[in-house]
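Open the model in your viewer and keep the selection panel at hand. The tour below goes stop by stop: what to pick, then what to look for.

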Amino acid sequence: MLILVIRTVLMYLFVIIAVRIMGKRQLSEMQTTELVITLIIADIASIPMQNTAQPLLTGVIPILILISSEIIISIIMMKSSKIRNMICGKPEVLVNDGKLCQNTLKSLRMTTEDLSVQLRQLGAYNINDVQFCIIEPNGKLSLQLKPEKRSPNCEQLQVAVRDTGIDAVIISDGELLKNSMKLCNIDEEWILSTLQKEGLSLDNIMIMTANKMREYNIIRKE
Amino acid sequence: MNRIIVAIALLIISATICTMEIHSVSINSEECIEKLNETVNHMYLGNYNEAIKAAETASHAWKNNTKILDIFLYHDYVDEITESMSTLVINTKEKNNKVCSEIVEKIKVQLASIKNSELPYLHNIL
């Protein structure tokens, strides 16, 4: 049993490192090859975890090979659009200038219900409001509404808007985040003096966000 | 550029481990077979003390090697041979020439099977 525990911990750490080397964090951002490899790695890693008669290397070596193959393939795909299209596919237009491409729907084996569900999730409840709809290689839909259905932006309304830059989390659970501070051009001195003004210390802070205009928001720990 | 170096490094590590495995299994199998042949020869010549010594050396050497072999091979395969080795030692002490020959042949087949199954032949890959 102890061996099972040790193997599980070792394989868990190894898989984290392996997936980290692949370089993607979120499932939804993965390309086809990365998704396939992640699923295979999960399966391969579980086998030596459960079977102590099997050497750990029977899980480690295939994972190493898969990771290096994935890195090499992704570099090749970066350099060659032909290979990329072959492996990942191309974006397909489902709605072209307001007109539904029925042949494309058929070739993708996608029903109108599937399309309607995805359009609703993107905020388009009426297909007639859609000017362009493209299905990306990762299966997600990208949408452009017809001009009369789009929300106007500040430029169109001729409204001047102040540029406050990005609002970044500069304190998380009492810890200063240096990268975010750099992003907002904020130094530790300002943060500590602001906290002092509010009668708080770092340990009291759950989240503190700020931007380059020194506008901040604090959420205290309960 | 960094990623490709990582990929190549991982491939080299994998290739090194595979080569070490094939080498380790091959060397250990050959050493073992040599000792086993020695055992059988001594038995048929009637040198039972020498035969027992050779059998015990082979068994002891194999048990030491299992620490390395268990890293690369399924433990069941290695344990089967260890069991056969122990049986060989007992039968050598009991001067059972016929049984000893059978056990030695069985061990040789098992060793050959382990060795060949690690080589990249088409029937192994498929």
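**Stop 1: B:S24**

Select B:S24. This residue sits in helix α1 of chain B, which covers residues 2-45. Keep in mind that the model is predicted. Is B:S24 buried or exposed? B:S24 has a relative accessible area of 12%. The cut-off for buried is under 20%, so B:S24 counts as buried.

Now show its neighbours. Leave out residues up to four places away in sequence. B:S24 then touches B:I68, B:L69 and B:F72.

**Stop 2: B:E34**

Stay on the helix. B:E34 also lies in α1 of chain B. Check its surface: B:E34 is exposed, with a relative accessible area of 57%. B:S24, by contrast, is buried at 12%.

B:E34 and B:A58 are 8.7 Å apart in space. Along the sequence, 24 residues separate B:E34 from B:A58.

**Stop 3: all of chain B**

Zoom out to chain B in cartoon view. How many helices and strands does chain B have? Chain B has five helices and zero strands. Its elements read α-α-α-α-α from the N terminus on. The radius of gyration of chain B is 18 Å, well over the 14 Å that the globule rule gives for 126 residues, so chain B is more spread out than a compact globule.

Colour by accessibility next. Of the 126 residues in chain B, 37% count as buried.

Then mark the charges. Chain B has 11 positive and 16 negative charges, and their mean positions are 3 Å apart.

**Stop 4**

Chain A has a radius of gyration of 25 Å, well over the 17 Å from the globule rule for 222 residues, so chain A is more spread out than a compact globule. Along the principal axes, the C-alpha atoms fill a box of roughly 60 × 60 × 35 Å.

In chain A, 30% of the 222 residues count as buried. The accessible surface of chain A is about 14600 Å², and 55% of it belongs to carbon and sulfur atoms. Of the contacts in chain A with a separation of 6 or more, 49% come from residues 24 or more positions apart. Chain A carries 24 positive and 23 negative charges, with mean positions 6 Å apart.

**Stop 5: A:K146**

Centre on A:K146. This lysine is found in the loop between β4 (141-145) and α7 of chain A. A:K146 counts as partly exposed, at 22% relative accessibility. That class lies between the buried limit of 20% and the exposed limit of 50%.

Which residues does A:K146 touch beyond four places in sequence? The set is A:G98, A:N128, A:D129, A:V130 and A:Q131. Look at A:D129 within this set: the C-alpha atoms of A:K146 and A:D129 are separated by 5.7 Å, although the residues are 17 apart along the chain. Then turn to A:N128. The side chain of A:K146 reaches the backbone oxygen of A:N128 at 2.7 Å.

**Stop 6**

Open the backbone torsions. Most residues other than glycine have a negative phi. Two residues in chain A are worth checking against that background.

Pick A:R109. Its phi is near 55°, a positive value in a residue other than glycine. A:R109 is in the loop between α5 (102-107) and α6 (112-121). The residue is exposed, with a relative accessible area of 73%.

Now pick A:Q158. Its phi, too, is positive, near 55°. A:Q158 is in the loop between α7 (154-157) and β5 (168-172). Its relative accessible area is 74%, so A:Q158 is exposed.

Methods:
Residues numbered from 1 in each chain as written. Chains lettered and ligands numbered in written order. Predicted model: local features only at pLDDT ≥ 70, side-chain atom pairs only at ≥ 80, totals over all residues. Heavy atoms only, no water. Helix = DSSP H or I, 4+ residues; strand = E, 2+ residues; numbered from the N terminus. Buried < 20%, exposed > 50% of the residue type's maximum accessible area, 1.4 Å probe, protein only. Rg over C-alpha atoms; globule rule 2.2 N^0.38 Å. Lys, Arg positive; Asp, Glu negative; His and termini not counted. Charge placed at Lys NZ, Arg CZ, Asp CG, Glu CD. Contact = heavy atoms within 4.5 Å. Polar contact = N/O pair within 3.5 Å; in protein donor to acceptor, adjacent residues only side chain to side chain. Areas by Shrake-Rupley, 256 points an atom, 1.4 Å probe, with all protein chains shown as cover.
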